[in-house]
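User: Could you walk me through how the descriptions of this model follow from their definitions?

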Amino acid sequence: MSVYEHLFRRVLYPAYESGLRRRCTLDWLAGYERDQWLAPEQLRALQLERLQRLLRHCEQHVPWYRRRWRELGIAAADIRSLDDYARLPVLGKDEIRAHFDEFKADGWHDRLLYKATGGSTGQPMRFGYTRESNERRTAVMWRGYGWAGARMGRRTLYVWGGAVGEPRRLHQFKDRLYHAAFARRMLNSFHMTDANLGEYADAIDAYRPEVIVGYVGPLVRLAQWLLDNRRTLARPPAAVLGAAEALHDFQRELIERAFGCPAYNTYGCREVMLIASECERRHGLHVNADHLVVELHGAATSGASGEVLLTDLSNYGMPLLRYANGDLATAGTETCPCGRGLPLLAHVDGRKLDAIRTPDGHLLPGEFFPHMLKDVPGLRRFQLVQRRLDRLELALVCDERFDDAAMAWIRRELAKVVGDSVALECRIVDDLPLTPSGKLRVTVSALPPSSS
């Protein structure tokens, strides 16, 4: 542990998080650090206790559950096990949108924080959460990333999504100061092209991070460039963490050869942040079962893929019970030799976001488009298809709030990234086709093999 990492963890971060911001993140982190070593049966009991407390709260204080459960003849006292819980209705995005205010707990309407999903299923959604749940999510993130060596205060470089639009200079300055205090450097993966991959490698060499965290797609692209150009990093990091997409075995092997260190898989979503992550043994992804209930709906047999259902056990302001986030995953069937009692996912099966290419060598990860379009007024769903290098087809499902200004903004923001080498064909449609698994692929690369 470096001097700065020790100073940050013991002095600077507590002064900022606990003192200045008056948040309880470090207290929650201490509790979660203890929880992870409980035996599996103890963790299940702890999870059920926290779930039953949340269910009682929903029955008494959340209008939607109060009304819906009365209609179905359900009482919180009837839920005595996770098997009982699995009989409650699955909650989808459409239901949340249609009854948004009813999901807010009594007395919480003016105290909630809000975010919007990135729309990885093509349909952005707004959701509310409490300050405590946000602190707990941050604590769980620090725990999970720490398993792979990405500890708070450790020198870390992010190959991540940058800001969309034009942030003010003061905002940019504050961001730089904030990231510098956390000992991290941010590289915008949305600007990555065939021509400038060397600049990303130079930036890594200049910063000399101990850990690299990034979107899987750009990390793989950079790894391939390093290998193709026989470029080795001046100081290989201790670990690379992949995020936003599933890290497949062939991608892990490529990243490890290029970066000269172990690569780790993580799984999260904007609604609850970190869901599961690999520990140092990399025997599967440990589910944060002391913080969430994660179900794999429809997984009929051991080792089968199921629909991910999520319940945040600490979000009492706008509880989402058995929320389907649109992903598929497979449960692990073995025990991790690390000794943690947290259950395992063998792998995450969903999130098929294709990269988009341009004639001049741009490679946009599929995450760019959900990131760019998530806050466009009136945009309900979208799908971008590439059949030719020089043309993109964007289909939009909109409501009455979508106007010419929104369309112009989309064209302008995309042009900043791809220039004038690609034509954008936009069309308003009534609906968009789903895949056989019931998901909407928001970016589809249909280029012939010679173009990819």
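Analyst: Happy to! The model is predicted, so local features need pLDDT of at least 70 and side-chain atom pairs count only at pLDDT 80 or more, while totals for chains, interfaces and linings use all residues. Residues are numbered from 1 along each chain as its sequence is written, and side-chain values use heavy atoms, with hydrogens and water left out.

User: Why is L7 called partly exposed?

Analyst: Buried means under 20% relative accessible area, exposed means over 50%, and partly exposed lies in between (1.4 Å probe, protein chains only). L7 has a relative accessible area of 36%, so L7 is partly exposed.

User: Which residues make the nonpolar surface patch?

Analyst: Y4, L7, V11 and L12 make this patch of about 300 Å². Patch residues must have over 30% relative accessible area and no salt bridge; like charges are joined within 9 Å, and nonpolar side chains (Val, Leu, Ile, Met, Phe, Trp, Tyr) within 5 Å. A salt bridge here is a side-chain nitrogen of Lys or Arg within 4 Å of a carboxyl oxygen of Asp or Glu.

User: What makes helix α9 largely enclosed?

Analyst: In α9 (residues 197-207), 8 of the 11 residues are buried, so the rest of the structure largely encloses this helix. Among the buried ones are Y200, I204 and Y207. The buried residues of α9 pack against β3 (156-160), β4 (184-188), β5 (211-215), α10 (216-228) and α11 (249-259), with contact meaning heavy atoms within 4.5 Å.

User: What is the largest nonpolar core, and which residues touch the most other members?

Analyst: A nonpolar core is a set of buried Ala, Val, Leu, Ile, Met, Phe, Trp, Tyr and Cys residues joined through side-chain atoms within 4.5 Å. The largest has 29 residues, and L55, Y65, W69, Y85, I96, F103 and L321 touch the most other members. Helix α3 gives the most to this core, with 5 residues.

User: How do you know that the chain agrees with a compact globule?

Analyst: The radius of gyration is taken over C-alpha atoms, and the globule rule is 2.2 Å times the number of residues to the power 0.38. For 452 residues a compact globule would have a value near 22 Å; the chain has 22 Å, so the two agree. Buried residues make up 52% of the chain.

Methods: Areas by Shrake-Rupley, 256 points an atom, 1.4 Å probe, with all protein chains shown as cover. Helix = DSSP H or I, 4+ residues; strand = E, 2+ residues; numbered from the N terminus.
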